[in-house]
Amino acid sequence: NIYYWDKSNGLNNRAVTVSTLSGASGAPTVARQVIVSDRDRHVIAFACDKINAVGTQDPLLIRFSDQENAADWTPTATNTAGDLIIGSGSKFVTAIETKREILVYTDASLHTLKFIGAPFTFGISQLSTGISIIGPNAAVAVNDSVFWMGENQFYGYDGRTTQIPCSVRSK
């Protein structure tokens, strides 16, 4: 579940599920990872449930809330909520945010998720196939570069995906 904590209520109050907030609509009830986009202030849920399929996780679905509104996840003509399907791979592994984009890793590919504005809000495009990532905590963002460990190789991304030589790798 996705939880929301309102700091204005003090430290003694507990976080509540987003679906219980005033005006909540269509919030995911299950997600593998959640990120708040620094640039445009959307809550983004990865590998989550569809709006009418509560609890049934889609391994390639990305959903995002209305801008500056963590409670509203139902897409309408008057908000910026919506969803996207990752185009390749069989399951989402992890996402990591850089200064200009969010990199989205599946078990077989790397994608970039960028804020593009109205009417589509976010766009996703494939950067690379045939790459791997060893697990959800195997990537690190440093400024606008990302480094990660794959199944048999180390990788870097700074606008393009490259393999990093490893002198101790067993062949």
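Strand 13, which covers residues 154-157, pairs with strand 14 in the antiparallel sense, and four bridges connect the two. Within this predicted model, Tyr 155 is the residue that stands opposite Gln 163 of strand 14.

This pairing belongs to an open sheet of four strands, whose order is 11-12-13-14 and whose pairing is antiparallel. The edges of the sheet are formed by strand 11 (139-142) and strand 14 (161-164), each of which pairs on one side only. Neighbouring strands of the sheet are turned against each other by 25° on average, when direction is ignored. As a general point, the strands of a sheet pair through backbone hydrogen bonds, in either a parallel or an antiparallel manner.

| Salt bridge | Closest N and O atoms |
|---|---|
| Arg 41 and Glu 68 | 3.9 Å |
| Arg 100 and Glu 101 | 3.6 Å |
| Arg 100 and Asp 144 | 3.1 Å |

The salt bridge between Arg 41 and Glu 68 links distant parts of the chain, with the two residues lying 27 residues apart: Arg 41 is in the loop between strand 3 (33-36) and strand 4 (43-46), while Glu 68 is in the loop between strand 5 (61-64) and strand 6 (82-85). Arg 41 counts as partly exposed because its relative accessibility is 42%, whereas Glu 68, with a relative accessible area of 60%, is exposed.

Arg 100 takes part in a salt bridge with Glu 101 and also in one with Asp 144. Through shared partners, the salt bridges join Arg 100, Glu 101 and Asp 144 into one network.

How buried or exposed are the members of this network? Glu 101 has a relative accessibility of 5% and therefore counts as buried, the cut-off for that class being under 20%. Arg 100, at 33% relative accessibility, counts as partly exposed, and Asp 144 is partly exposed with a relative accessible area of 23%.

Terms used
Residues numbered from 1 in each chain as written. Predicted model: local features only at pLDDT ≥ 70, side-chain atom pairs only at ≥ 80, totals over all residues. Heavy atoms only, no water. Pairing = 2+ DSSP bridges. Axes fitted to C-alpha atoms, helices over the stretch in contact; angles between N-to-C directions. Salt bridge = Lys/Arg side-chain N within 4 Å of Asp/Glu carboxyl O. Buried < 20%, exposed > 50% of the residue type's maximum accessible area, 1.4 Å probe, protein only.
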